[in-house]
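Have the coordinates open in your viewer as you read.

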Amino acid sequence: MYGVTITELANKMKFQSIVRDIDLDSIVLSHPDVNRPALQLAGFFDHFDKERVQVIGLVEQEYIKTLSRERKVEVYEKLVSSEIPCLVYSRGQMPDEDMKDLCSHYKVPCLVSEKSTSDLMAEVIRWLKVKLAPCISIHGVLVDVFGEGVLIMGESGIGKSEAALELIKRGHRLVTDDVVEIRKVSDETLVGSAPDITKHFIELRGIGIIDVKSLYGVESVKDTQNIDMVIKLEDWDKDKEYDRLGLEDQYTEFLGNKLVCHNIPIRPGRNLAIIVESAAVNYRQKKMGYNAAQELYNRVQANLHKV
């Protein structure tokens, strides 16, 4: 699991840091959820998720106002001394001097957001789930084709990058070439992205490295994309029996998630871009409830019954 520093979180969410003498780079988040410490402010620390981002909302602040200073400092200290990664105040609320002093003493980042509590929590959770998701790197090309994330795989030199370049010229968008970083953000969703060092670049044998964003414009690239299907390119084998109907979907698996997979044999003269486009459109049709192979099968069965 990847770690995210408080600096990265603060920069992404545009948080204001209130306590200045704390090294935000040295504190690393490893849990994607957040916690509102309402019960902790009331003194109940059993089952406390102290490894999470702690969010102080309007309700918590109003409750704090009902406490005597002695009791307030007591619960503050117990909360801040429990090794929480950070405190975030929503709705532009500012911590009082007692909280600032304790955060400074225990080296706990104290941050302020202008967002409402619900929006803040949802955005932090969504971003952290992506950043902290299990991740693998594989060899392939990821392209957004008609809104479907198509992962093209195959041996080196088989034509993955050339197919991606033709798709880009036909109006589709490149996510990454050569190395695909795949993150499991849920049990149903895999998200692909490019390593920072190769983002927007394609390698073409005989030509070298080209910058897709510079050559074809910003509309030709995309930073991340849900992966919906896999196309595996392989050399044509005349002795191999290939699926010609597609009645039953084939699958491949990444990080425990199954994806529809098509094995496409390659021969000179086959237009890979059109094949990938057709596969993406056919996949979308199946999601909408129409299966061309099943329709053909039904017609054949109906015709046989007539005979």
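Strand 8 (residues 135–139) and strand 12 (residues 179–184) run antiparallel and are joined by five bridges.

A few ground rules before going on. This is a predicted model, with local features needing pLDDT of at least 70 and side-chain atom pairs counting only at pLDDT 80 or more, while totals for chains, interfaces and linings use all residues. Residues are numbered from 1 along each chain as its sequence is written, and side-chain values use heavy atoms, with hydrogens and water left out. Helices (H or I, at least four residues) and strands (E, at least two) are DSSP runs numbered from the N terminus, and two strands pair if DSSP finds at least two bridges between them.

Next comes an open sheet of six strands in the order 11-9-10-17-19-18, with mixed pairing. Its edges are strand 11 (173–176) and strand 18 (250–254), each pairing on one side only. From one strand to the next, the twist averages 35°. Inside the sheet, strand 9 (residues 141–145) and strand 10 (residues 148–154) pair in the antiparallel sense over five bridges, with valine 145 bridging to glutamate 148 in strand 10.

Threonine 252 is found in strand 18 and, at 14% relative accessibility, counts as buried (buried means under 20% relative accessible area, exposed over 50%, partly exposed in between, with a 1.4 Å probe and protein chains only). Setting aside neighbours within four places in sequence, threonine 252 is in contact (heavy atoms within 4.5 Å) with Val230, Lys232, Asn257, Lys258, Leu259 and Cys261. Glycine 154, in strand 10, is partly exposed at 21%. Leaving out neighbours within four places in sequence, glycine 154 is in contact with His139, Lys160 and Leu233.

## Helices 7 and 9

Two helices lie across strands of that sheet. Helix 7 lies across strand 9, strand 10, strand 11 and strand 17 (229–235), running at about 25° to strand 9. Helix 9 lies across strand 9, strand 10, strand 17 and strand 19 (257–266), running at about 135° to strand 10. Axes here are lines fitted to C-alpha atoms, for helices over the stretch in contact, and angles run from 0 to 180 degrees between N-to-C directions.

How do the two helices meet each other? The axes of helix 7 (residues 160–169) and helix 9 (residues 272–287) come within 8 Å and cross at roughly 70°. The two are therefore roughly perpendicular (angles of 65 to 115 degrees; under 35 is roughly parallel, over 145 roughly antiparallel, and the rest oblique). On the helix 7 side are Ala163, Glu166 and Leu167, which meet Leu272, Ala273, Val276 and Glu277 in helix 9. These contact residues divide into five nonpolar, no polar and two charged. Ala, Val, Leu, Ile, Met, Phe, Trp, Tyr, Cys and Pro count as nonpolar, Asp, Glu, Lys and Arg as charged, and the others, Gly among them, as polar.

Strand 2 runs antiparallel to strand 7 (residues 110–112), joined by two bridges; serine 17 has leucine 111 as its bridge partner in strand 7.

## Overall dimensions

In total, the protein has 10 helices and 19 strands. Its radius of gyration is 26 Å, well over the 19 Å that the globule rule gives for 307 residues, so the protein is more spread out than a compact globule. That radius is taken over C-alpha atoms, and the rule is 2.2 Å times the number of residues to the power 0.38. Along the principal axes, the C-alpha trace spans about 90 × 55 × 30 Å. For a sense of scale, glycine 154 and phenylalanine 45 are 109 residues apart in sequence and 53 Å apart in space, C-alpha to C-alpha.

Buried residues make up 45% of the 307. Among contacts between residues at least 6 apart in sequence, 68% join residues at least 24 apart.
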